[in-house]
Amino acid sequence: MTVRGGRTQRCAGRAHSPSPRSTKAVTATTRTTLGPTSACGASLWAAVTLVFVAVTQLPGDPVRALFGFQPPPQEFYVRIRSDHHFDEPLPVQYGLYLGDLLTGDWGRGLPIDP
């Protein structure tokens with residue numbers, strides 16, 4: 001290291017360790033950024049999981065609810081259950097649900113007759 005004109009210059013080819021001050025600044029910045037980001041991610045995961053649990057644990061059959069008080073034709077009932085993975089175990093449904101949310105596949109609307 002040489003001193004020129006009041007400035008410290010590092011010699012080329014020499015390894016140097018970062019100053020303690022810059023390391024503390026990086027650590028503080030990382031802590032300041034990662035703390036709220038991880039809290040936000042945990043809150044979002046909890047909200048998504050709560051919605052999944054609430055919807056799957058509601059009483060009644062969601063496919064039969066689509067048809068109101070009229071019983072659905074058996075072939076429609078089976079196809080809708082298969083298309084929406086209602087015939088899968090809950091952990092598989094949850095994994096598919098999270099995968100669809102992360103990839104932006106938020107489902108499609110069901111047509112409603114006026």
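**Exercise 1. Aromatic pairs**

Determine how many aromatic pairs the predicted model contains, and classify the pair formed by Phe-52 and Tyr-97.

*Solution.* Step 1. Rings of Phe, Tyr and Trp pair if their centres lie within 6.5 Å. By this rule, the count comes to 2 aromatic pairs.

Step 1. A pair of aromatic rings is described by the distance of the centres and the angle of the planes. For Phe-52 and Tyr-97, the ring centres are 5.3 Å apart and the planes stand at 35°. Planes under 30 degrees apart count as stacked and those over 60 as edge-to-face, with the rest tilted; the pair of Phe-52 and Tyr-97 is therefore tilted.

Step 2. Phe-52 belongs to helix α1 (residues 20–56) and Tyr-97 to helix α4 (residues 90–103), so the pair ties together parts that are 45 residues apart in sequence.

Step 3. Together with Tyr-94, the residues Phe-52 and Tyr-97 form one aromatic cluster.

**Exercise 2. Burial of the two rings**

Decide whether Phe-52 is buried or exposed, and assign Tyr-97 to its class of accessibility.

*Solution.* Step 1. The cut-off for a buried residue is under 20% relative accessible area, and for an exposed one over 50%.

Step 1. Phe-52 has a relative accessible area of 11% and is therefore buried. Tyr-97, with a value of 26%, is partly exposed.

**Exercise 3. Fold and contacts**

State the order of the secondary structure elements along the sequence and the share of contacts between residues 24 or more positions apart.

*Solution.* Step 1. The protein has 4 helices and 2 strands. Along the sequence they follow the pattern β-β-α-α-α-α.

Step 1. Among contacts with a separation of 6 or more, 37% involve residues 24 or more positions apart.

**Exercise 4. The largest pocket**

Identify the residues closest to the centre of the largest pocket and the helix that gives the most to its lining.

*Solution.* Step 1. The largest pocket holds about 1,100 Å³ of space. Its lining comprises 29 residues, of which Val-55, His-84, His-85, Phe-86 and Tyr-97 are the closest to the centre.

Step 1. At least two lining residues come from each of α1, α2 (62–66), α3 (74–83) and α4. The most are given by α4, with 6 residues.

Step 2. His-85 is found in the loop between α3 and α4. Although His-85 is not a glycine, its phi is positive, at about 60°. Its relative accessible area of 32% makes His-85 partly exposed.

**Exercise 5. A charge over a ring**

Which ring does the charged end of Arg-64 sit over?

*Solution.* The charged end of Arg-64 sits over the ring of Tyr-77, at 4.5 Å from the ring centre.

Key:
Residues numbered from 1 in each chain as written. Predicted model: local features only at pLDDT ≥ 70, side-chain atom pairs only at ≥ 80, totals over all residues. Heavy atoms only, no water. Phe/Tyr/Trp six-rings, centres within 6.5 Å; stacked < 30°, edge-to-face > 60°. Buried < 20%, exposed > 50% of the residue type's maximum accessible area, 1.4 Å probe, protein only. Lys NZ or Arg CZ within 6 Å of the ring centre and 35° of its normal. Contact = heavy atoms within 4.5 Å. 1 Å grid on protein atoms, 1.4 Å probe; cavity = no way out; pocket = protein on both sides within 12 Å on 5 of 7 lines; lining within 4 Å. Points joined across faces, edges and corners; volume = space filled by probe spheres on them.
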